[in-house]
Amino acid sequence: RGQRIGVSLSQETLAQMVGTTRQRVNQLLKAFERRGLLEQRYARITILDPVRLADLAREPDGMWTRFYK
């Protein structure tokens with residue numbers, strides 16, 4: 001079920017790649033997981049809803065804040 005990301009990256013490395021902190025990456029990944037967009041297990045991420053995740057990526061920056069709640 002879902003699309004597994006075939007790259008092994010730490011949250012720290014991912015944060016550096018996108019210009020944020022490891023803590024912010026962790027918050028977002030947990031928020032996305034709670035909303036059924038992805039699943040994290042043993043340093044692997046599986047995208048469960050690629051359409052919703054892509055739609056979110058196209059939203060203005062301000063819209064991301066709703067995922068921190």
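Q: In which strand is Thr46 found?
A: In this predicted model, the protein has three helices and three strands, and read along the sequence these follow the pattern β-α-α-β-β-α. Strand E3 covers residues 44–47, and Thr46 is found in strand E3.

Q: Is Thr46 buried or exposed?
A: Not counting residues up to four places away in sequence, Thr46 touches Arg1, Gly2, Gln3, Arg4, Leu37, Leu38 and Glu39. Its relative accessibility is 10%, and buried means under 20% relative accessible area. Thr46 therefore counts as buried.

Q: In what order do the three strands form the open sheet?
A: E1 and E3 pair in the antiparallel sense over two bridges, while four bridges join E2 to E3, which also run antiparallel. Strand E1 (3–4) and strand E2 (38–41) stand at the edges, each with a single partner strand, so one side of each is left without a neighbour in the sheet. The order of the strands is E1-E3-E2.

Q: Which residue in E3 stands opposite Arg4?
A: The pairing of E1 with strand E3 is antiparallel and runs over two bridges. Arg4 is among the residues touched by Thr46 when residues up to four places away in sequence are not counted. The residue in E3 that stands opposite Arg4 is Thr46.

Q: In E3, which residue is the bridge partner of Arg41?
A: E2 and E3 run antiparallel and are joined by four bridges, and along this pairing Leu38 stands opposite Ile47 in E3. For Arg41, the bridge partner in E3 is Arg44.

Q: Which residue in the hairpin of E2 and E3 takes a positive phi?
A: Strand E2 covers residues 38–41 and strand E3 covers residues 44–47, and their hairpin has two residues between the strands. A positive phi near 45 degrees is taken in this hairpin by Tyr42.

Q: What angle do the axes of H1 and H2 make where they cross?
A: Helix H1 (residues 11–18) and H2 have axes that come within 8 Å of each other. H1 and H2 are therefore roughly perpendicular to each other, a term that covers angles of 65 to 115 degrees. The axes cross at roughly 100 degrees.

Q: Which residues of H2 make the contact with H1?
A: By class, the contact of H1 with H2 has four nonpolar, two polar and two charged residues. On the side of H1, the contact is made by Gln11, Glu12, Leu14 and Ala15. On the side of H2, the residues are Arg22, Val25, Asn26 and Leu29.

Q: What separates the C-alpha atoms of Arg22 and Gln11?
A: Arg22 has its place in helix H2, and at 32% relative accessibility it counts as partly exposed. Not counting residues up to four places away in sequence, Arg22 touches Gln11, Glu12 and Ala15. Although Arg22 and Gln11 are eleven residues apart along the chain, their C-alpha atoms are separated by 5.5 Å.

Q: With which residues is Arg52 in contact, leaving aside its neighbours within four places in sequence?
A: Arg52 lies in helix H3 (residues 50–57), and with a relative accessible area of 40% it is partly exposed. The C-alpha atoms of Arg52 and Gly36, 16 residues apart along the chain, are separated by 9.6 Å. Leaving aside those neighbours, the residues in contact with Arg52 are Arg35 and Leu37.

Q: What share of the contacts with a separation of 6 or more comes from residues 24 or more positions apart?
A: Of the 69 residues of the protein, 20% count as buried. Among the contacts in the protein with a separation of 6 or more, the share from residues 24 or more positions apart is 42%.

Q: Where in the protein is confidence highest?
A: The mean pLDDT of the protein is 83, and 87% of its residues reach 70 or more. Where pLDDT is low, the predicted coordinates should not be read in detail. Confidence is lowest in E1, at a mean of 76, and at 92 it is highest in H2.

Conventions: Residues numbered from 1 in each chain as written. Predicted model: local features only at pLDDT ≥ 70, side-chain atom pairs only at ≥ 80, totals over all residues. Heavy atoms only, no water. Pairing = 2+ DSSP bridges. Axes fitted to C-alpha atoms, helices over the stretch in contact; angles between N-to-C directions. Parallel < 35°, antiparallel > 145°, perpendicular 65-115°, else oblique. Contact = heavy atoms within 4.5 Å. Nonpolar A, V, L, I, M, F, W, Y, C, P; charged D, E, K, R; others polar. pLDDT = per-residue confidence, 0-100. Buried < 20%, exposed > 50% of the residue type's maximum accessible area, 1.4 Å probe, protein only.
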